[in-house]
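Let's take a walk through a protein chain together. Have a look at the sequence and the 3D picture before reading on.

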Amino acid sequence: MKSFMRGLGLGLLTFLAAVALFLFGMRFADGPVAVFTGGQFTSGVQENAPDDWDYLKERSLIEFQTLSPARSRTVWLAVHDKRLFIVSGYMNTGYGAIWKQWPHYLNDDDRVILRIDDTLYEQRLERIIEGPDVVPVLRELGRKYFSGSEGSATQATVARGDTWMYEVVDR
């Protein structure tokens, strides 16, 4: 039994070391891999952002990189009135405090780089707390990701900071 427990402990330690090594190595990767945060973008062609983001309406994910720190991730998106929005939920939860750190990076530097189909767009993320765009953007997110229901985000959750909403705007 003692050797079984020792082997189990060694196996667990090896697994945890492999996960830690993977997560550390992802900081140097050219962008994210699935849900794992990546490093700064090293590939892609720089272009001016389009005036109309409607071509992304049915896209489920895009990649973006914060500049400080230079980390990239994939996010859900909504297009409303030809404008692009990114929403981060669970901001006031313990789960969100661990998983959703990127919105806090924007407090000091709101510049981002979007990478869509190997095209890079230098943009900013402008936070929206209230206004006429909140409900239509949440409806669009519900349509795309929650089978038409509105999910847990509401105008009230945006206003109180449980859900952070951003519009992608020019620098």
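What follows is a short tour, from the whole chain down to single residues.

## Ground rules

This is a predicted model, so local features need pLDDT of at least 70 and side-chain atom pairs count only at pLDDT 80 or more, while totals for chains, interfaces and linings use all residues. Residues are numbered from 1 along each chain as its sequence is written, and side-chain values use heavy atoms, with hydrogens and water left out.

## The whole chain

The chain has five helices and eight strands. Here, helices (H or I, at least four residues) and strands (E, at least two) are DSSP runs, numbered from the N terminus. Starting at the N terminus, the order of elements is α-β-β-β-β-β-α-α-β-β-α-α-β. Along the principal axes, the C-alpha atoms fill a box of roughly 65 × 35 × 30 Å.

Of the 171 residues, 40% are buried. Buried means under 20% relative accessible area, exposed means over 50%, and partly exposed is in between (1.4 Å probe, protein chains only). Now for contacts, meaning heavy atoms within 4.5 Å. Among contacts between residues at least 6 apart in sequence, 65% join residues at least 24 apart.

## How the strands pair up

Two strands pair if DSSP finds at least two bridges between them. Strand 1 (residues 45–46) runs parallel to strand 7, with two bridges joining them, and Gln46 has Leu120 as its bridge partner.

Strand 6 (residues 111–116) is antiparallel to strand 7 and joined to it by six bridges; here Arg111 stands opposite Arg124. Strand 8 is also joined to strand 7 by six bridges, again antiparallel, and Glu126 stands opposite Glu167 in that pair.

## Helix 4

How far apart are the end C-alpha atoms of helix 4? They are 16 Å apart, which agrees with the 16 Å that its twelve residues should span at 1.5 Å a residue. The expected span is 1.5 Å times one less than the number of residues.

The buried residues of helix 4 include Val134, Leu138, Leu141 and Tyr145, and Glu140 and Lys144 are buried as well.

## The largest pocket

On a 1 Å grid over the protein atoms alone, a cavity is a set of points where a 1.4 Å probe fits but cannot get out; a pocket is an open set with protein on both sides within 12 Å along at least five of seven lines, and lining residues have an atom within 4 Å of a point. Grid points are joined across faces, edges and corners, and a volume is the space filled by probe spheres set on the points. The largest pocket has a volume of about 1,100 Å³. It is lined by 37 residues, and Thr74, Ser88, Trp99, Lys100 and Trp102 are the closest to its centre.

Strand 3 gives the largest share of the lining, four residues. By class, the lining has 20 nonpolar, eleven polar and six charged residues. In this count, Ala, Val, Leu, Ile, Met, Phe, Trp, Tyr, Cys and Pro are nonpolar, Asp, Glu, Lys and Arg are charged, and the others, Gly among them, are polar.

Thr163 sits in the loop between helix 5 (155–160) and strand 8 (164–170). Its relative accessibility is 5%, so Thr163 counts as buried. Leaving aside neighbours within four places in sequence, Thr163 touches residues including Val87, Ser88 and Ala153.

Most residues other than glycine have a negative phi, and most peptide bonds are trans. Yet the bond from Ser68 to Pro69 is cis, with omega near 0°, and Pro69 lies in the loop between strand 2 (62–67) and strand 3.

Tyr90 isn't a glycine, but its phi is positive, about 65°. It lies in the loop between strand 5 and helix 2 and, at 44% relative accessibility, counts as partly exposed. Asp117 has a positive phi too, near 50°. Asp117 belongs to the hairpin of strand 6 and strand 7, which has two residues between the strands, and is exposed, with a relative accessible area of 57%.
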